[in-house]
Amino acid sequence: MLGAAAGGGSPQWNCRCEVCRLAWAGDPRITPRTQSSIAISRDGEQWALINCAPEILAQIRHNPVLQPQHGDRHTPIRSVLLTNADVDHIGGLLNLRERSPFRLLATPSIQAVLKANPIFEVLNAECVTREPVALETAFELLDGVSARLFAVPGKTALYLEGDTVEIGVEGEDTVGVEFIGAGSRVYYIPGCAAMTPSLAARLEGADLVLFDGTLWRDDEMISAGVGVKTGARMGHMSMSGDAGSIAAFAELAVRRRVFVHINNTNPVLIEGSLERAQAERAGWEIAYDGMELACRS
């Protein structure tokens, strides 16, 4: 787990909500978190990033397995896979521009967003190969590890919104990842607007699901006085409530469930809070930077 926080990280640079105030004060109940991304490997030598947070350089510094190991120039990062075009998931690409080769994988829609913004041309095409990935089609992520992308309810990235915003649309803009070849059924879904019957059926019986944990309650940011949008308007399920993710997973036979992409306002980030206790009683773990998850091979 390279980064477990939602956009802005935790604490957020300009925020003094309850969680951030405690974090700025150095309260031991708060563990700082960087923006959302994970790294996956089969052999510990070759790694794939799933999303590339703006803090990627700090994340590499804090994770020796991602640091150069051989010769004058080297990286164990072989590929980067994107689940949407949000800034917190693509901003770090600009830091990976020093002519080390890797594969940049994303749906055609997300690839088109990158192509339309000339700043991403700093990723030299002689080194970085941009590969479009079709939904529901297995592809090689790393040697010995395949993956499959699937649509989940979401929305377009904030900076691409027009006058009309369609929430909950299922297409190429917001996807989940199924990892194949680890001997386990593992899913990564850092953004999701709703649990649909088809998504529930897909996740039933999974060994591990890393799932969108942005907000505890839908009006959380409004109540905290730090925002004007609900979680639903931002394209995220809340953890609590009848329509929340804890309730949605209650009847699913998922062996291990972990909340990721957690917003700085979410009280589950406070160790010992009532909300943290409620989530843990429901069988959920709260992700943190540096968390390691091993799957049987």
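Mentor: Leucine 160 sits in the loop that runs between β7 (145–151) and β8 (175–180), where helices (H or I, at least four residues) and strands (E, at least two) are DSSP runs numbered from the N terminus. Residues are numbered from 1 along each chain as its sequence is written, and side-chain values use heavy atoms, with hydrogens and water left out. The model is a predicted one, in which local features need pLDDT of at least 70 and side-chain atom pairs count only at pLDDT 80 or more, while totals for chains, interfaces and linings use all residues.

With a relative accessibility of 39%, leucine 160 counts as partly exposed, a class that lies between buried (under 20% relative accessible area) and exposed (over 50%), judged with a 1.4 Å probe and protein chains only. Together with Val87 and Tyr159, Leu160 makes up a nonpolar patch on the surface, and the accessible area of these residues together is about 270 Å². Accessible areas come from the Shrake-Rupley method with a 1.4 Å probe, and for residues only the protein chains shown count as cover. Patches take in residues with over 30% relative accessible area and no salt bridge, like charges being joined within 9 Å and nonpolar side chains (Val, Leu, Ile, Met, Phe, Trp, Tyr) within 5 Å.

The next topic is salt bridges. Side chains of opposite charge can pair when their charged atoms come close, and the rule used here asks for a side-chain nitrogen of Lys or Arg within 4 Å of a carboxyl oxygen of Asp or Glu. The structure has 12 salt bridges. In one of them, glutamate 161 meets lysine 155 at 2.7 Å, N to O, and both lysine 155 and glutamate 161 are buried. Another joins arginine 217 to aspartate 219, with 2.6 Å from N to O; here arginine 217 is partly exposed at a relative accessible area of 42%, and aspartate 219, at 28%, is partly exposed as well. Through salt bridges that share partners, Lys155, Glu161 and Arg233 are joined into one network.

Arginine 202 and glutamate 136 also form a salt bridge, their closest N and O atoms being 2.4 Å apart. This pair links distant parts of the chain, since arginine 202 belongs to helix α5 (residues 197–203) and glutamate 136 to the loop between β5 (128–132) and β6 (139–142), 66 residues apart. Arginine 202 is partly exposed at 24% relative accessibility, and glutamate 136 is partly exposed at 43%.

Aromatic rings call for a rule of their own: rings of Phe, Tyr and Trp (its six-membered ring) pair if their centres lie within 6.5 Å, and planes under 30 degrees apart count as stacked, over 60 as edge-to-face and the rest as tilted. By this rule there are 4 aromatic pairs. Phenylalanine 249 and tryptophan 284 make an edge-to-face pair, with 5.0 Å from centre to centre and 80° between the planes. Phenylalanine 249 is buried at 0% relative accessibility, and tryptophan 284 is buried at 2%.

Phenylalanine 259 is paired with tryptophan 284 too, and because their planes lie at 10°, with the ring centres 3.8 Å apart, this pair is stacked. It again links distant parts of the chain, with phenylalanine 259 in strand β11 (residues 256–260) and tryptophan 284 in strand β12, 25 residues apart. Phe211, Phe249, Phe259 and Trp284 form one aromatic cluster. Arginine 257 lies over the face of tryptophan 284, 5.9 Å from the ring centre; a charge sits over a ring if NZ of Lys or CZ of Arg is within 6 Å of the ring centre and within 35 degrees of the ring normal.

Cysteines complete this look. The structure holds 0 disulfides, a disulfide being a pair of cysteine sulfur atoms within 2.5 Å. For cysteine 15, the closest cysteine sulfur is that of cysteine 17, at 3.6 Å, which is too far for a bond, and cysteine 15 is buried at 5% relative accessible area. For cysteine 52, the closest cysteine sulfur, in cysteine 127, is 16 Å away and likewise too far for a bond, while cysteine 52 is buried at 0%.
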